[in-house]
Amino acid sequence: MDFENKTILNNKNIPLLQVKNLKVYFYLEEGILKAVDDVSFDIGRKKVLGIVGESGCGKSVTAQSILRIVPHPGKTVEGEILLHQNGNLVDLAKLDPFGREIRAIRGKEITMIFQEPMTSLSPIHTIGNQIMEAVLLHRDMSQTEARELTLEMLYKVGISNPHQRIDEYSYQLSGGLRQRAMIAMALSCNPSLLIADEPTTALDVTVQAQILELMKELQKEFGMSIIYITHNLGVIAEICDEVLVMYLGKVVEHASADEIFHNPLHPYTIGLLKSIPKVGKKARTRLEAIKGTVPLPLDLPRGCRFYQRCREAKEGICDVDNPSLIEVTKGHRVSCFLYK
Amino acid sequence: MIKKSGMPLLEVKNLKKYFPVEEGFWRKTVGYVKAVDKVNLYINEGETLGVVGESGCGKTTLGRCILRAIEPTEGSILFRLNSDIIDITKLDRESLRATRRYTQMIFQDPYSSLDSRMTVLDIVSEPLLVNNLATGRKMEERVKDLVKVVGLNVKHLKRYPHAFSGGQRQRIGIARALASNPKFIVADEPVSALDVSVQAQTLNLLQDLQARFKLTYLFISHDLSVIEHISDRVAVMYVGKIVELARTEEFFLNPLHPYSEALLSALPKPDPRLRMKRIILSGEVANPVNPPSGCYFHPRCKYAEEICKKEEPGWKEVNPEHFVACHFAKELSLKGVI
């Protein structure tokens, strides 16, 4: 099967996707929950962008808003999500979430894999039928061709004995195999962007290593960009080119993976890196934990959202204004008053 | 077994837990899941033994068997209480209840392990009431102390668990475990459900409490970096068996079992400059209902030879305090962490 190589057709300098000033709010009885608040970033072609942060930081909602699948009562209030597609420019934020246009993009141009492969696969359809459904919907293929392609995809994601597996149900597969089947489905229409939301969090370390290796290989082969969402800094270091650190709906730092791990600037990033136990370091030392817990993003006080937990917080500055995201060195953006 | 530093607090000998697999209308037993199979280990007083392994390897079952929260099939669990040594597996109901106050457990999920209809006061005081340790005002004082010790606000005693975050709930669980002044605590994945920054706080708390109350931990986790951080010694489990047991530094620098080597290699390191070729194990953890012949790890092991398919390797002390179950433990030179 020959997959057209989209990257050659397009200008390399134009990013694949640009998110500009995105705001996604949830209107709850208790108040307005600002899940994503003024987030901007670009994803280059063939790049892997990691989004890292603790629970409630808005990393999943950011991904969902790109596909326009933010659950009710969430609304994309403001902002643009620009997809550059064969010379065309589509603003995903303006599309009707139930409309024809977004449905042509969802599952074709942009696909997603989830944390729980058991709940995201249908229990009453065979693996093969589920993958074929996507192929038949988005590609001009006959049943036989689609089945042929599905077998090939299953083989490519390293499922042994695809001729047997294609007619099995998701409960017959182990966690690792299910995640492989999900990846096969996501890549079957040759997307230009794959969003992976904690795809290895539910898996064992040895299986996680297999899946990470597989994703790296497939990314080389298919040439898609990946948004990789995780809370695991080890996984981020393993697979990402660029990293976006989020805290309570805001981007606090954005830089190359090497910069994030070797020259972190934001106190939150520094705190996160210090709070994980590192293998190979002398055991039994105290961890430098960040004090406090992530607050609920409801009715947040003025000023920097990390103010209460920050070591470097300065009264009169940090609790008055919200720092904006500024580029400190080339490609390294941080939002903190320390770097003004 | 050699005990380097005095008498161990707990010694587990040949512990087995087989769950029957039943089939058909008459529930005929057709086989067994050997969840814990011939496990030998010891834990010294004040020490933390980390148990690491992938899902389904039997680490939780091992922890629960040691507390006799589930009945072991065979084996003995010797627990030193003051100057007596008692075998937990042989105790009758009453004496088991009496020893329960010395052995406690911290659970993984801070959401399901606390009764949502009990206040913090109810939850933390329950072990005191059940064991007749304190009542009335004395009990309330003790609960307040405990709540302070784990870093919660004393004003929140009348609140219900839903009002607390995951990290705070885990602290309530820890206060409950400490209430009866235990000597030995089984901590079953106590930080896996927590955010990174809260995980660090909880690990620090567990270490502080250990030093303060001379606690002994059996710390169960799937996360090797957490295990390295908190443990004095490490036991690696694979399909119901312990395949390696060693001091933490020794284990991480010089692992002797190929499975340990693969686990260490699979761990993603938080540094993009350390990206390297990993040992990728093929396949997944063997099915414990129908494990492979010989060494359970041989289908995934790159060093496997004929003997591994036929004979189960014995449990050998290769270096002082370094036990391993592998036919080639002495010949192989395996890679630890750099």
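**Strand β3 of chain A (residues 48-52) is largely enclosed by the rest of the structure, because five of its five residues are buried.** A residue is called buried if 20 or more other C-beta atoms lie within 10 Å of its own, exposed if 12 or fewer do, and partly exposed in between, with C-beta atoms placed from the backbone. The model is predicted: local features need pLDDT of at least 70, side-chain atom pairs count only at pLDDT 80 or more, and totals for chains, interfaces and linings use all residues. Residues are numbered from 1 along each chain as its sequence is written, while chains are lettered from A and ligands numbered from 1 in the order in which they are written. Helices (H or I, at least four residues) and strands (E, at least two) are DSSP runs, numbered from the N terminus. In a regular strand the side chains alternate between the two faces of the sheet. Here V48(A), G50(A) and V52(A) point one way from β3(A), and L49(A) and I51(A) point the other way.

**β3(A) runs parallel to strand β8 of chain A (residues 225-230), joined to it by five bridges.** L49(A) has I227(A) as its bridge partner in β8(A). Four bridges also link β3(A) to strand β9 of chain A (residues 242-247), again in parallel. There, V52(A) is partnered by V245(A).

**Confidence in chain A is highest in β3(A), at 96, and lowest in helix α1 of chain A (residues 6-9), at a mean of 44.** These values are pLDDT, the predictor's confidence in each residue, from 0 to 100. Over residues 1-10 of chain A the pLDDT is below 50, and this stretch has 12 contacts in the model beyond near neighbours in sequence. Two residues are in contact if their C-beta atoms, placed from the backbone, lie within 7 Å. Chain A as a whole averages a pLDDT of 89, with 95% of the residues at 70 or above.

**A cis peptide bond joins H72(A) and P73(A), with omega about 0°.** P73(A) sits in the loop between α2 (59-67) and β4 (74-85) of chain A. Most residues other than glycine have a negative phi, and most peptide bonds are trans.

**N21(A) has a positive phi of about 45°, although it is not a glycine.** N21(A) belongs to strand β1 of chain A (residues 17-28). It has 12 C-beta neighbours inside 10 Å and so counts as exposed. In chain B, E189(B) has a positive phi of about 50° and is not a glycine either. E189(B) lies in the loop between β7 (184-188) and α6 (196-213) of chain B. With 19 other C-beta atoms within 10 Å, E189(B) is partly exposed.

**Chains A and B meet through 38 residues from chain A and 38 residues from chain B.** On the chain A side, the elements that give two or more residues are α9 (205-222), α10 (233-239), α11 (257-262) and α12 (267-275). The largest share of this side, seven residues, comes from α9(A). By class, the side has 18 nonpolar, 13 polar and seven charged residues. Ala, Val, Leu, Ile, Met, Phe, Trp, Tyr, Cys and Pro count as nonpolar, Asp, Glu, Lys and Arg as charged, and the others, Gly among them, as polar.

**Helices α3 (residues 120-130) and α5 (residues 166-178) of chain B have axes that come within 7 Å and cross at roughly 30°.** Axes are lines fitted to C-alpha atoms, for helices over the stretch in contact, and angles run from 0 to 180 degrees between N-to-C directions. α3(B) and α5(B) are therefore roughly parallel to each other. Angles under 35 degrees count as roughly parallel, over 145 as roughly antiparallel, 65 to 115 as roughly perpendicular and the rest as oblique. V120(B), I123(B), V124(B) and P127(B) of α3(B) meet I172(B), A175(B) and R176(B) of α5(B). This contact has six nonpolar, no polar and one charged residues.

**Eight strands of chain B form an open sheet of mixed pairing, in the order β6-β7-β8-β3-β9-β10-β12-β11.** β6 (103-106) and β11 (316-319) stand at the edges with a single partner strand each, so one side of each is left without a neighbour in the sheet. The twist from one strand to the next averages 20°. Two strands pair if DSSP finds at least two bridges between them. Strands β9 (residues 233-238) and β10 (residues 241-247) of chain B run antiparallel and are joined by six bridges. Y238(B) has K241(B) as its bridge partner in β10(B).
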